[in-house]
Structure formats: structure tokens, C-alpha cells
Amino acid sequence: MHPDTPVVILCGGQGTRIREASESLPKAMVEIGGRPIAWHIMKIYRQAGYRRFILCLGYKSWAIKEYFLDYRARLADFTLNMGDQHQIDFHNGVDEDWQITFAETGLETATGARVRAIRDYVDTEHFLLTYGDGVSDVDLTALAKEHEASGNVGTVTGVHPTSKFGEMQVDGDRVVEFNEKPTQVTGFVSGGFFAFQRSFLDDYLDDDPQLWLEHTPLQRLARDGRLGVHRHDGFWSAMDTYKDFQYLNSLWSSGEAPWKAW
């Protein structure tokens, strides 16, 4: 897939179930190791060769815009001359060469409608898409190759989530095995990290603000036999709850974050 292929990231959510960490920030701005989870996701894609991003904004969108507008000032040393010209001289740069399009896709808009709203910014034959709250060591190069080779309109990354509950093996009325710690679910669920043909934007989405990507569009795509799966057996985690927030931060602080490939 071409390096100019845009990566669409859904960043419109509030993160209400993670309120202890979000302090009413957009969910994509909740931090892992002092950096927003959206930054981590973008670093994952950049490591795979993609540098163009389209952020679908909603709740408190200015917080996301402001973070990246001030990005260099946050990280670099600089001298500020507060005279008439109010000149800033930066003494070092930042590593990122990202091109980011910030798209206001509505406060209450559903995910499918958010993706439909950015179709004018997708100027390539294919595009990538993910949620602004999930990190993984998914092989994005393999995902892109599988998607293009298949000819499918869409490809979704299938992951094995970790169960939040203890799993019991039951035989009749007796428990024969009891696992206290979370175990992997055997089946696949959608982990995001999609690849799509651009035609998906016009053929499977419409302008209904309550159109959920995960409902009619992907269900119809699957029924049409045009939705492939990229199987990922490695690490994947979404930051849905405060417990997830603590878990991902503990991985980062221990230096063992599986998604950190940079």
C-alpha cells in the first residue's frame, strides 16, 4: 500500500467509563506515559510507513487540535522574545513528520457518519482506519498486503480479547478447572485496524448522522462477501475503563509495552 495512504482515526468519543483518568478530556487524549493514546496509535502507523492522518473529531475537539498545534513548543527548547515581533526561536526539533487533517465530524455523530464525513479528504484508492482508543502490535504491513491481494472492499483485524472475568471449565455440575486471572477468548472479535477500498465510503455509507460503522455498513459488507479478516494473535488492548488505563500505563512504565516498535 502506498505510503501516502491516509490513516483515519476515530477521535470523537468522550470516554465516560474512564472519567477518573480523562478529566473530561476526549478519550483519544487520555494519556499513556504522558502522551495521548492517539499519539501512540499514530506512532504505530508511522513505524509501518504511514504519515498522513485524518482525525475524526467530536467531543472537545479543540483539546486535540491544541495538543498538536502546540506540539513543538511542548517538547522542544525555545527562546521567546516578547517584544513587538513576539519571536520564538526553537533550539531543537521533533521527530514527527506527520501530516494531520483535523475534521470536525460532529458532537453526537455515530462512527459510520464520521467516516462518511471525511470522504473528500481520502484521495487514494485505499485508506486505513482505526479507533482512537486501541493499541496493538498488529503487523500493519501484512494487513495492507492481505487487503490488496484479496480484492476485498474491507479487511478487519480479528483479535483475541482478554476476558475480564475468571474462566471456569465445567463438567456437569463440577468445576474441573478454575482460572483466576484473565484468559484469552478463543474466538475473534473486531480489533479495529481496518483497511478499505475508497469505494466503501460511497457504496456502504450514507449521510445519516446515526449511521454506526459497526452496524449496517460492516454487516452488509460481510453479507456481500467483501469483508476479509487479518488474524492477529498478538497483543491488543482497548482503553475502555480505568482498569485498562492503569494496565496500559503499567506496561509503558515497565518498558514492556508490546505496541512500542519505535
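Guide: Let's start with Leu129, whose bridge partner in β14 is Phe194. Strands here are DSSP runs of E with at least two residues, numbered from the N terminus, and two of them pair if DSSP finds at least two bridges between them. By the way, this is a predicted model, where local features need pLDDT of at least 70, side-chain atom pairs count only at pLDDT 80 or more, and totals for chains, interfaces and linings use all residues. Residues are numbered from 1 along each chain as its sequence is written, and side-chain values use heavy atoms, leaving out hydrogens and water.

Now look at strand β14 (residues 194-197) itself: Phe194 and Phe196 point one way, Ala195 and Gln197 the other, and all are buried (under 20% relative accessible area, with a 1.4 Å probe and protein chains only).

β14 is also joined to β10 by two bridges, and these strands run antiparallel. Here Thr155 stands opposite Ala195. Thr155 counts as buried because its relative accessibility is 3%. Its side chain makes a polar contact with the side chain of His147 at 2.9 Å (a pair of N or O atoms within 3.5 Å; within protein, one must be able to donate a hydrogen and the other to accept it, and residues adjacent in sequence count only if both atoms are side-chain atoms).

Thr157 is found in β10 too (residues 154-159), and it counts as buried because its relative accessibility is 1%.

Note on methods: Helices (H or I, at least four residues) and strands (E, at least two) are DSSP runs, numbered from the N terminus. Buried means under 20% relative accessible area, exposed over 50%, partly exposed in between (1.4 Å probe, protein chains only).
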